[in-house]
Amino acid sequence: MRLRSSTRALFLGITLLSGLGVIGCGYSEEEMQAKLREINDLQAELSKEQAQNKKARAEIEEAATKVGQLKAQLKAAGVDISNLNANLEQQARALEDYRKRAEQLEAIKKRFELLREKLQALTKLGLNVTVRNNRMVIQMPGDVLFDSGRETLKKDGQDIILKVAEVIRSDAGLASRTFQVAGHTDDAPLQGGRFKDNWGLSVMRAREVLAFLVTPVEKGGGGLNPTRWSASGYGETDPIKTNDSPENKQANRRCEIVVVPNVEEMLDLKTLIQ
């Protein structure tokens, strides 16, 4: 429409100029000035429509850029965009799916951050709260919990576990999660004893911590829901440091309380704390 209007204005201007050239002598000064003003008006209109046309082309280019960005987002989201003739309804549905997935990831991230904030209170007890093997983990030093080669909790160990249990029990969100107690040792072989090897010792230590956590408060325990807890032993197979110094060996002798992820949280937690 704009191009046709501009062409028409230009054609009229040329016609008027032609008329002036052919029978110019038959016009009065006043008529000449009137026609010149008319030509100037037409030229102004032409310039205006050319500017509008330029603006329209810029808007089209901007829209094309946004479409390109949208296609890139859809491709990154795993949406097949090889068929460029897909109708607008399909593209709109794909964009909505992408938006929902992005919102779901953001919600999981917020829950993860909230969980981490709640567990950070345990760092005041000298415990380490970290992410290992895509699990959030509360690490408790084994030497504080147990004597060497033993599975009976020491008094200091019981005090720490009671404080951990209080943090979890007093928060409905934490108390409703699923946890696992994991026992770990260094690589020093056991010298006899009823556990036979580090596997047996780590399992029994994990079992001892779990039993204390779920013992009712009125009986001196942590009072946590036993249906949300389990225990496992890793022996020396999952060290956090190389067993090449007394300090590293001590760090590997530990019990961990692992927050078991929900199904929807089965993603790389490390990416959420970058």
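**Close-ups of a helix pair and a pocket**

**View 1. Where helix 5 touches helix 7.** In this predicted model, Gln158, Ile161, Leu162 and Ala165 of helix 5 make contact with Val209, Phe212 and Leu213 of helix 7. Sort those contact residues by class and you get six nonpolar, one polar and no charged.

**View 2. How the two helices cross.** Packed helix pairs are described by two things, the angle between the axes and the distance between them. Here the axes of helix 5 (residues 155-169) and helix 7 come within 10 Å, crossing at roughly 55°. As for handedness, the crossing of helix 5 and helix 7 is right-handed.

**View 3. The largest pocket.** This one holds about 310 Å³ of space. It's lined by 20 residues, and Ser148, Gly149, Leu190, Leu201 and Arg205 are the closest to its centre. Helix 7 (residues 198-214) gives the most to the lining, with three residues.

**View 4. What the pocket lining is made of.** By class, the lining of the largest pocket has seven charged, seven polar and six nonpolar residues.

Note on methods:
Residues are numbered from 1 along each chain as its sequence is written. This is a predicted model: local features need pLDDT of at least 70, side-chain atom pairs count only at pLDDT 80 or more; totals for chains, interfaces and linings use all residues. Side-chain values use heavy atoms; hydrogens and water are left out. On a 1 Å grid over the protein atoms alone, a cavity is a set of points where a 1.4 Å probe fits but cannot get out, and a pocket is an open set with protein on both sides within 12 Å along at least five of seven lines; lining residues have an atom within 4 Å of a point. Grid points are joined across faces, edges and corners, and a volume is the space filled by probe spheres set on the points. Helices (H or I, at least four residues) and strands (E, at least two) are DSSP runs, numbered from the N terminus. Ala, Val, Leu, Ile, Met, Phe, Trp, Tyr, Cys and Pro count as nonpolar, Asp, Glu, Lys and Arg as charged, and the others, Gly among them, as polar. Axes are lines fitted to C-alpha atoms, for helices over the stretch in contact, and angles run from 0 to 180 degrees between N-to-C directions. A crossing is left-handed if the near helix is turned anticlockwise from the far one by less than a right angle, and right-handed if clockwise. Contact means heavy atoms within 4.5 Å.
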